[in-house]
Amino acid sequence: MEVAEGDEQQARGAAKIRPVMRSTDVVIIGAGAAGLMCAMTAAARGRRVLLLDSSNKPGKKILMSGGGRCNFTNMYAEPANFSSRNPHFCKSALARYTPWDFIALVDRHGVPYHEKKLGQLFCDNRSKDILNLLLDECRQAGVELHVTTAVREIARADAGYVLDTDLGEVTASSVVIATGGLSIPTLGATGFGYEIARRFGHTVLPTRAGLVPFTTSGELKELCAELTGTSVAAVVSCGEESFRENILFTHRGLSGPAILQISSFWHPGDTVTIDLLPDHDVLEWLQGRQAARPDSELKTVLGEVFTKKMATLLADRWFTSRPMKRYTPAELRGIADTLGAWPVVPAGTEGYRTAEVTLGGVDTREVSSKTMESVKSPGLYFIGEVLDVTGHLGGFNFQWAWASGHAAAQVA
Ligand code: FDA
């Protein structure tokens, strides 16, 4: 693989004087998770593959992912772990390239990993192991990768497409759009994939930030700020969806895995319900503590299940802490209701600045679920996050990138 870095200026200069004309089989736009998988697989089939990225490095999100250890798949990935306007779309690709296929690849490269929890596989060392593995595969298969290389225009040509790029004019029989979503613009995210989709007659479903922390306002924001850094196991629900995981108080609002998960199902104005004591029948527990420790203050009793700071804050703010014997049965029920189903109306989310994914995107009803090919424009493919397929937290989004990239590579 030729990794041409920093060739943008050179190519631009050359393009001004004499546009370079080249021809290849497949141009893939976006060298992220899906683009790299597609490139290495198509090239291994003998296709000539040109992989272009406007960023200065490939796979930046892979490097950032999983807190630097890349949660590269989930052993239990299944269609129910993905959201889409068209929930059946992801089934075929996920069935044909499973987590075990990717695990076998990771094993072949000797990358050490472990299951953190709930089927989530993380690198033992660093995310770079996954990126290096993909780059090695691309190199061995003869993929030509150019970073810092923009694509300005894509148009239909006689036998495929012609692209106006920083390398000059490129013709190809297949073009694969792997430009990802809008989250974290500083990592190279652009709306280019959506623009191309629209230009070729595709519907782009409204996009919004997913797997993203909530912001809060007023008293709730104060409470969150005072508890910054406190993490607590909870069940968080919104509408029909519920997730059991930790929540984390931050100076801006609420985060942690359970909050990120539910954020993908939240719409402005919705109430999120948080069960702060999911392992307890809260009323029964409070009644038991009232009988056993009538003179203990509520804050002391709550200190058995929360940190001291959280117990004190909640008891004082919400229930005017006093000895347990001084709460009436109705008051005790009220406390149980609040702790078991704390209603929270977020002010908003932190948006694309910190979101892990983008919900919505290219409407999958206009894309083949077997090949990822556009039904509007033969030879044009969409893979990865640019499509309206979004996984839950826990390695599912990478599994979708691998599976959709692999599917397109069989035919592109
Ligand atoms: P991806 O975003 O990876 O790649 C798109 C590529 O296209 C980028 O290289 C970009 O530079 C390029 N590009 C954009 N516009 C272009 C243009 N106009 N021209 C050329 N190139 C262009 N998921 C998971 O399963 N496990 C995890 O641990 C994490 N952790 C995580 C952490 C953080 C901080 C984020 C932001 C996200 C995650 N994710 C995750 C989500 C996961 O990273 C994401 O779903 C995949 O990277 C999507 O893969 P794609 O290849 O579709 O897009």
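Let's start with helix H12 (residues 308-319) and helix H13 (residues 329-340): their axes come within 12 Å and cross at roughly 125°. Axes here are lines fitted to C-alpha atoms, for helices over the stretch in contact, with angles from 0 to 180 degrees between N-to-C directions. Helices are DSSP runs of H or I, at least four residues, numbered from the N terminus. The crossing is right-handed: the near helix is turned clockwise from the far one by less than a right angle. Leu314, Trp318 and Phe319 of H12 meet Ile335, Thr338 and Leu339 of H13, with contact meaning heavy atoms within 4.5 Å.

A word on the source. This is a predicted model, where local features need pLDDT of at least 70, side-chain atom pairs count only at pLDDT 80 or more, and totals for chains, interfaces and linings use all residues. Residues are numbered from 1 along each chain as its sequence is written, and side-chain values use heavy atoms, leaving out hydrogens and water.

Next, H2 (residues 33-44) and H14 (residues 396-409). Their axes come within 8 Å and cross at roughly 35°. This crossing is right-handed. H14 contributes residues including Phe398, Trp402 and His406, and H2 has Met37 and Cys38 among its own.

Last, Leu134, in helix H6 (residues 128-141). Leu134 has 0% relative accessibility, so it counts as buried, meaning under 20% relative accessible area with a 1.4 Å probe, protein chains only. Beyond four places in sequence, Leu134 touches Leu36, Met40, Ile62, Phe102 and Trp402. The C-alpha atoms of Leu134 and Leu36 are 6.3 Å apart, across 98 residues of chain.

Terms used: Helix = DSSP H or I, 4+ residues; strand = E, 2+ residues; numbered from the N terminus. Buried < 20%, exposed > 50% of the residue type's maximum accessible area, 1.4 Å probe, protein only.
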